[in-house]
Amino acid sequence: MQTLIRLTMSVLFKQCCKQRKVYILVVIIVAVLLVGYSLRNSMSSESFTENKGVDVVNNMEQEVIEYIAKYVQISIRVTGYESIAIHFINTGKTDVNYGKWRIYFYAVRQLSAIRGNGLALKHENGGLYFFEPVEREFKYLKSGFNVTFDIEHYQVASKSDFFPNWYVASTAEQTRPRVLKYTEGDKSFVKDFTRPDHWKQGPHDNNNPLTNLERYQYYRYLNNHSISDVQYHVIPTPKVMTIRSRENVEIDRKWTLCLNKHFLSAGKYLAEALNLKIRDSSGGKMCISMIKAAEYGSEEYSLEVQVAGKAVEIKASTEAGAFYGVQTLLSVMSKTKIITDIFIKDQPRFQHRGLMIDVARNFVKKATILKVLDVMSMYKLNVLHLHLSDDEGWRLELPSIPELTLVGAHRCHNAGGSKCLNSSLGSGPYPDTSGSGFYSVNDFKEILRYAASRHVKVVPEIDVPGHSLAAVASMNYRQNVILASSENGGNSEPSYLLMEPERSVLGFNNWLDSAINPCLNTTYHFIRAVFNDLVDMYDGIQTFDLIHVGADEVYHDTWAGSPACDRRFGAGKYTHDFLKDFFLKQVSAIAADHNARIVAWEDGLYNFHTGPYDRAGFKNKEVCVQAWNNIWEMNRGGRSIEFANAGYPVILSMATHLYFDHPYEPDPEERGFYWATRYTDTFKVFGFMPGDLFANANFDRLGNRLSKEGVCRDPKNCPELRNPANIKGMEACLWTETIRSEHDVFYMLFPRVIALAERAWHEASWETNEQLLHRELERSKDWGRFLSALSLNELPRLAAKGVTYRVPPPGVNVNVEENVFRVTTLYANHLVEASVDDGLTWSVIEDTFPITKSLNISIRSRSPYTNIVSRTLRESIYRTNDAEDRISFLSHILLNVYICRLFYLSLI
């Protein structure tokens with residue numbers, strides 16, 4: 001065998017000497033792999049035999065935990081459309097024996113309890129699973145070798161489907177869990193997706209990652225109507241804007257702000273932004289005046305620059321209108337303090353222009369929320385909806401119920417009654433990651449004040465009755481404390497038990513005990529206490545008149561057979577929809593007692609057989625609906641219209657266009673879920689048409705082309721909107737299952753949020769154009785203006801606020817015939833960098849440069865404003881001078897493939 005290897009290597013070496021460097025590298029790698037394969041086969045028979053030189057760990061459990069955490073490497077490969085392989089590789093010098101250890105991990109899909117290679121896969125709760133060795137089946141994990149565990153019926157399409165921070169713990173007492181080093185914090189333990197059956201959801205999935213050339217062509221299309229003069233292109237686009245002349249005036253420090261007592265907040269904001277002195281005056285030269293115009297609408301404003309008179313006037317009827325006039329003035333002055341002779345009159349399309357941030361799945365720190373509020377106010381978004389509770393966490397301190405944050409705000413390895421929730425979403429075994437955290441009363445009040453000063457309403461969401469494990473677990477802990485105290489002399493604290501102790505029900509997302517029981521009186525005592533504390537926090541800062549109660553995703557049989565429900569309504573005398581309707585009407589009445597309306601996700605108020613619930617029983621005059629589930633191929637796109645026609649005020653949060661937890665591209669390297677649509681980029685958000693919902697149906701989740709005509713072939717799927725006034729606005733949603741840092745938050749939000757603001761504030765003329773081709777042409781031109789202003793004006797403004805954004809990777813066009821390499825970026829002024837040493841060093845490259853030699857190159861984009869870079873792409877470039885050289889090159893490849901084939905056959 002050794003003689004054969006030497007002979008083959010000699011032949012390979014002679015062939016390599018005749019070829020270019022890149023080919024030498026390829027052949028050497030192939031040879032080394034084949035030799036490695038030979039050596040591995042020669043050793044495989046010894047992989048599970050006794051090794052006298054290895055010190056086998058079989059004593060103290062903590063030593064085993066420490067060793068596994070440090071030396072057991074996890075490697076995951078996707079092996080097919082619905083299959084993965086998990087490799088446990090012992091990189092240390094000690095064998096791992098059977099013991100009480102378990103390796104925990106989070107899975108986004110439901111897994112079955114199975115065994116393989118001496119390991120058992122079991123479910124803990126929610127998405128938390130663990131592997132444990134099976135007695136008499138698990139021999140040991142030998143030093144230098146691996147055990148493979150194959151899982152079938154597990155569909156993935158992205159690396160973000162796999163979560164970090166796997167950890168090892170023991171069922172033995174007095175041991176400490178440890179994170180497996182090789183899974184800490186990133187996805188390096190997940191192998192690259194290299195084949196279609198790695199990133200596709202099945203053989204009929206038409207989605208593929210963009211090639212470098214396809215991205216180049218897409219960017220060229222998106223920039224087809226870009227413009228260079230964007231100083232006076234305001235985002236969101238004003239309703240009326242006239243540039244009356246090209247004369248201009250500079251607003252320097254000689255100018256003052258003539259403050260109006262009606263607009264103190266907006267005036268001080270502007271004075272601080274432009275570093276102006278304030279004086280009490282009705283106007284005059286070199287003065288920015290703020291004038292009350294009672295005839296204007298509540299958010300309407302006008303902005304007039306009088307160059308000849310050296311004066312600027314902002315008119316509005318409310319502080320909000322004046323503030324939006326200020327934001328427009330700052331927008332047109334973003335690059336320079338020189339402003340031209342313009343007149344703008346503006347008002348919003350929708351009264352509700354919102355953004356939802358889920359801070360429950362992964363906590364988002366106060367400082368990040370304040371930066372988001374800054375950006376929202378710049379683009380005239382006026383509602384921040386905070387998803388404060390879910391199965392994975394409770395994020396707001398309530399003084400009257402301290403257990404909610406004592407227990408529900410923290411995730412850890414929950415063993416033996418720990419004061420925390422289960423580890424989830426890759427948060428690991430300790431409460432020091434984004435899985436844990438909460439806003440104190442003072443934190444939340446600061447958020448409320450900061451938002452109020454920027455005319456942003458903060459809507460809290462307490463998700464009930466489903467998605468409530470954090471609340472249920474916290475109240476169970478409270479109940480145990482009460483009972484224990486009662487045994488020792490009594491406890492006067494009220495009980496807020498949310499589930500029957502004797503029942504355990506599997507709920508949504510595989511969570512046990514995650515739904516509040518609507519038949520317990522203590523449920524409503526709890527909700528009233530929560531509302532009381534919220535009212536106290538809002539008092540004197542913002543008006544507490546709207547609360548989101550979630551109400552979504554409760555399994556149909558969750559309360560079937562509940563003893564409490566049997567006692568309250570009679571066994572067999574209630575249905576799931578009856579109980580859900582009853583619950584929401586009780587909650588609505590409590591909200592009404594606090595002068596507040598409720599909002600709920602659409603499925604919380606929807607009977608799948610009869611449609612929206614009857615509004616008659618609600619104590620509130622208004623019950624708002626947040627419509628989200630418009631998956632076109634499931635014929636659900638018309639629910640928002642059903643609710644509007646039934647008299648409900650509706651907020652549009654269509655998941656196909658406005659769920660910003662979905663990726664920007666159909667690429668396995670891009671973060672995000674893809675259950676509603678495979679991707680949502682900024683262009684798609686910009687193109688959303690809230691006034692013609694079914695015209696937004698362009699592709700299904702598998703990349704199949706759709707059309708309004710196809711979706712509406714059955715008229716029942718596309719009801720006619722009879723009450724358009726009930727469509728109150730738009731709200732994008734950022735769910736945070738895959739988001740663990742401020743960088744992740746900003747990456748997923750920006751710049752998509754700016755496109756959201758454009759559509760929520762401004763109705764473009766192309767939206768109502770019934771001629772499809774004309775509509776697309778007008779939209780393309782409008783997008784060109786938007787993209788240019790975004791690139792040159794708005795991205796620098798984000799950076800100035802300390803906010804980063806997603807930098808898209810470059811497009812690449814390699815023209816072998818011309819020996820030319822071309823690159824482009826989506827955003828103007830962004831740089832393209834290249835590396836020929838696998839990322840060790842980078843150099844900025846021009847848009848076009850000649851190919852002087854064949855090479856493998858790494859390419860990325862860089863923001864000139866934030867210094868953030870895109871993900872890295874790879875491109876192999878072959879320079880060929882003529883046809884003869886190409887033929888020679890291919891012939892050498894074929895010859896060496898033949899030699900390698902002979903070598904492989906000799907080994908088997």
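Which helix holds Thr405? Thr405 is found in helix H9, which spans residues 403–406. The model described here is predicted.

**The seven-stranded sheet**

- Seven strands form an open sheet with mixed pairing. Their order is S12-S18-S16-S17-S15-S13-S14.
- Strand S12 (240–250) and S14 are the edge strands, and each pairs on one side only.
- From one strand to the next, the twist averages 20°.
- S15 pairs with strand S17 (residues 311–316) in the parallel sense, over six bridges. Within this pairing, Val312 in S17 is the bridge partner of Ile288.
- Helix H6 packs on the sheet and touches S13, S14 and S15. The direction of H6 makes about 175° with that of S13.
- Helix H7 packs on the sheet too, touching S15, strand S16 (301–306), S17 and strand S18 (338–346). The direction of H7 makes about 145° with that of S17.

**Helix H6 in detail**

- Helix H6 covers residues 264–274. Its buried residues are Ala266, Gly267, Tyr269, Leu270, Ala271 and Leu274.
- A helix has a repeat that helps in reading such a list: an α-helix has 3.6 residues a turn, so residues three or four places apart point the same way.
- Asn275 follows H6, and its phi is positive, near 55°.

**Strand S32, a buried strand**

- Strand S32 runs over residues 727–734. Seven of its eight residues are buried, so the rest of the structure largely encloses S32.
- Strand S19 (residues 352–358) runs parallel to S32, and six bridges join the two. Here Arg353 stands opposite Met730 in S32.
- Strand S31 (residues 650–652) also pairs with S32 in the parallel sense, over three bridges. Here Leu652 stands opposite Met730.

**Helices H12 and H14**

- Helix H12 (residues 521–538) packs with helix H14 (residues 576–593) at an angle of about 35°. Their axes are 10 Å apart.
- The crossing of H12 and H14 is right-handed.
- H12 contributes Thr523, Tyr524, Ile527, Arg528 and Phe531 to the contact. H14 meets them with Phe582, Phe583, Gln586, Val587, Ile590, Ala591 and Asp593.
- By class, this contact has eight nonpolar, two polar and two charged residues.

- Why does Thr405 count as buried? The relative accessible area of Thr405 is 7%, and buried means under 20%.
- Beyond its neighbours within four places in sequence, Thr405 is in contact with Trp394, Leu396, Glu397, His410 and Phe438.
- Asn165 lies in the loop between strand S9 (146–152) and strand S10 (167–170). Asn165 is buried, because its relative accessible area is 16% and the cut-off is under 20%.
- Asn165 and Leu425 are 260 residues apart in sequence. In space they are 9.1 Å apart, C-alpha to C-alpha.
- Not counting residues up to four places away in sequence, Asn165 touches Val179, Thr183, Glu184, Gly185, Gly426, Ser427 and Gly428.

Conventions:
Residues numbered from 1 in each chain as written. Predicted model: local features only at pLDDT ≥ 70, side-chain atom pairs only at ≥ 80, totals over all residues. Heavy atoms only, no water. Helix = DSSP H or I, 4+ residues; strand = E, 2+ residues; numbered from the N terminus. Buried < 20%, exposed > 50% of the residue type's maximum accessible area, 1.4 Å probe, protein only. Contact = heavy atoms within 4.5 Å. Pairing = 2+ DSSP bridges. Axes fitted to C-alpha atoms, helices over the stretch in contact; angles between N-to-C directions. Left-handed = near helix turned anticlockwise from the far one by under 90°. Nonpolar A, V, L, I, M, F, W, Y, C, P; charged D, E, K, R; others polar.
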